[in-house]
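Good morning, and thank you for making time for this presentation. I would ask you to look at the structure first, and I shall then go through a few of its local features.

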Amino acid sequence: MLESIIDFMRNTGVAALILNARAAIDAGNYLQAVGTPLMIIIACVLLYLAIVKKFEPLLLLPIAFGMLLANLPMLPDSSAILMHTDLFTEPDLMIDGHLNIQRIVSDGGLLDLLYLGVKLGIYPPLIFLGIGCMTDFGPLIANPKSLLLGAAAQFGVFFAFGGALILGALGLGFDVYEAASIGIIGGADGPTAIYVTKTLAPQLLPAIAVAAYSYMALIPVIQPPIMKLMTTEKERKIVMKQLRPVSQREKILFPIVVTIVVALIVPDAVALVGMLMLGNLAKESGVVDRIAKTAQNELMNIITIFLGITVGATATAESFLNLQTLGIVVLGLTAFCFSTFGGLVFGKILCKATGGQVNPLIGSAGVSAVPMAARVSQVQGQKANPSNFLLMHAMGPNVAGVIGSAVAAGVFLAMFGK
């Protein structure tokens, strides 16, 4: 009986916390010794931001709870461990550099099995399918110039890519694959950032996912100062003409044409853009309402849970508490700011070219955070002119940004895909 009690005590989380800390101290890794408590605190802070501050709660909440589950104190050989990141990162546990699916199925925990959807590139395209079912490309079709604003807003992606390469050259350790993964944060598109990172730099996935979704949630805080800095009060007061009506035929042809064009130019972007357009075609065709409703509701919700909790579970102390994570946070913010900057600059160019018919504020909506970025343009426009209604005009570059970020991801995958 006494031995059973002793065995029970040895298998508690408290015992695991003490033993793991002692092993880390003996190895001279003092940060790792306090890594578990620190990660639990970080997870609780993210849960607070998701629940109380409502910062992207649909994804930040499962990400934070996945982080919490992965960092609960347990002994290394405990059968209760839900996520074994070494199965996805250690070369010795793979077969010729590829995942050992049979070993993951036999030895992995619940989150290991769900994480296969991330590693195999299944979840992000399915998220895009749901987004497509919820997206109205009418404003973009009615004002094709919006596509240029969406493209201009990808400036931050390539700016941060260059910045990461420079930091890598200075010794921070970012190679070209990691730089591409960090740069894509500037597109303000979480699924796209995850899709690129899981292929090019899976070791950075936790930090990049948290940074991408955190900055998406902070759009109402980050963008307005840049918008005021880059535009004059006169420009912010510009009232744009009402958009022309878009026929159903145009809305049906648009996703088909875009898929073909993207496939011909950037084939690596088809997984994302193709699923986005499939969802939109299901919505606009009106002949598969059951599929469209399932994709934007039940399927979207299920995949969001799986994606969030498994990405969060990769954020262990070893992968998250380092200088690289700090660099990713700083570069991610830089990328996002410069994406907003790029969209606004091109918005000002269009304003001049059209004789003042385009309000430059809609350029900031070129980042792909739909529809939050468009709402920020609307709010700032109404602050300058209460009779100004920019929401539908801003939705054009906003949905163009979704396409633009996916195309930027395709470019990186085509250039650096392993």
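I begin with a charge and a ring: K198 lies over the face of Y195, at 5.2 Å from the ring centre. Please keep in mind throughout that this is a predicted model.

Let me turn to T192, which is placed in helix 14, residues 190-200. Is T192 buried or exposed? Its relative accessible area is 0%, so T192 is buried. Which residues does T192 touch, once those up to four places away in sequence are not counted? They are F128, I184, L272, S405, A406 and A409.

The next topic is aromatic pairing. A pair of aromatic rings is described by the distance of the centres and the angle of the planes. In this model the count comes to 11 aromatic pairs. One of them is formed by F158 and F412, with 5.4 Å from centre to centre and 50° between the planes. That angle makes the pair tilted, because stacked pairs have planes under 30 degrees apart and edge-to-face pairs over 60.

F412, at 1% relative accessibility, counts as buried.

F412 also takes part in an aromatic pair with F416. Here the rings are stacked, at 6.2 Å centre to centre and with 25° between the planes. F412 and F416 are four residues apart in helix 24, so about one helical turn separates them. Both F412 and F416 are buried. Elsewhere, ring pairs link F155, F159, F338 and F341 into a cluster.

I move now to the loops, starting with N385. This residue is found in the loop between helix 23, residues 372-384, and helix 24. N385 has 15% relative accessibility and therefore counts as buried, the cut-off being under 20%. The side chains of N385 and S387 are joined by a polar contact of 2.8 Å. Not counting residues up to four places away in sequence, N385 touches K237 and V239. How many residues separate N385 and E233 in sequence? They are 152 residues apart, while in space the distance is 9.3 Å, C-alpha to C-alpha.

Another loop, between helix 22, residues 323-353, and helix 23, holds P371. What is the geometry of the peptide bond from V370 to P371? It is cis, with omega near -10°. P371 counts as partly exposed, at 29% relative accessibility. Leaving aside neighbours within four places in sequence, P371 is in contact with M395 and N398. The C-alpha atoms of P371 and V399 are separated by 8.3 Å, and the two residues are 28 residues apart along the chain.

K54 deserves a brief remark on its backbone. Although K54 is not a glycine, it has a positive phi of about 60°. The residue is placed in the loop between helix 4, residues 35-51, and helix 5, residues 57-70. At 60% relative accessibility, K54 counts as exposed.

My last topic is empty space. Rolling a probe the size of a water molecule over the atoms shows where such space is left. The largest pocket holds about 850 Å³ of space. Its lining comprises 35 residues, and those nearest the centre are E56, L58, M216, V370 and P371.

Which elements give two or more residues to the lining of the largest pocket? They are helix 5, helix 9 (123-134), helix 14, helix 15 (205-217), helix 16 (219-230), helix 20 (289-313), helix 23 and helix 24. Helix 20 provides the largest share of that lining, namely five residues. Helix 14, which contributes here, is also the helix of T192. Helix 24, likewise among the contributors, is the helix of the stacked rings F412 and F416.

Key: Residues numbered from 1 in each chain as written. Predicted model: local features only at pLDDT ≥ 70, side-chain atom pairs only at ≥ 80, totals over all residues. Heavy atoms only, no water. Phe/Tyr/Trp six-rings, centres within 6.5 Å; stacked < 30°, edge-to-face > 60°. Buried < 20%, exposed > 50% of the residue type's maximum accessible area, 1.4 Å probe, protein only. Lys NZ or Arg CZ within 6 Å of the ring centre and 35° of its normal. Contact = heavy atoms within 4.5 Å. Polar contact = N/O pair within 3.5 Å; in protein donor to acceptor, adjacent residues only side chain to side chain. 1 Å grid on protein atoms, 1.4 Å probe; cavity = no way out; pocket = protein on both sides within 12 Å on 5 of 7 lines; lining within 4 Å. Points joined across faces, edges and corners; volume = space filled by probe spheres on them.
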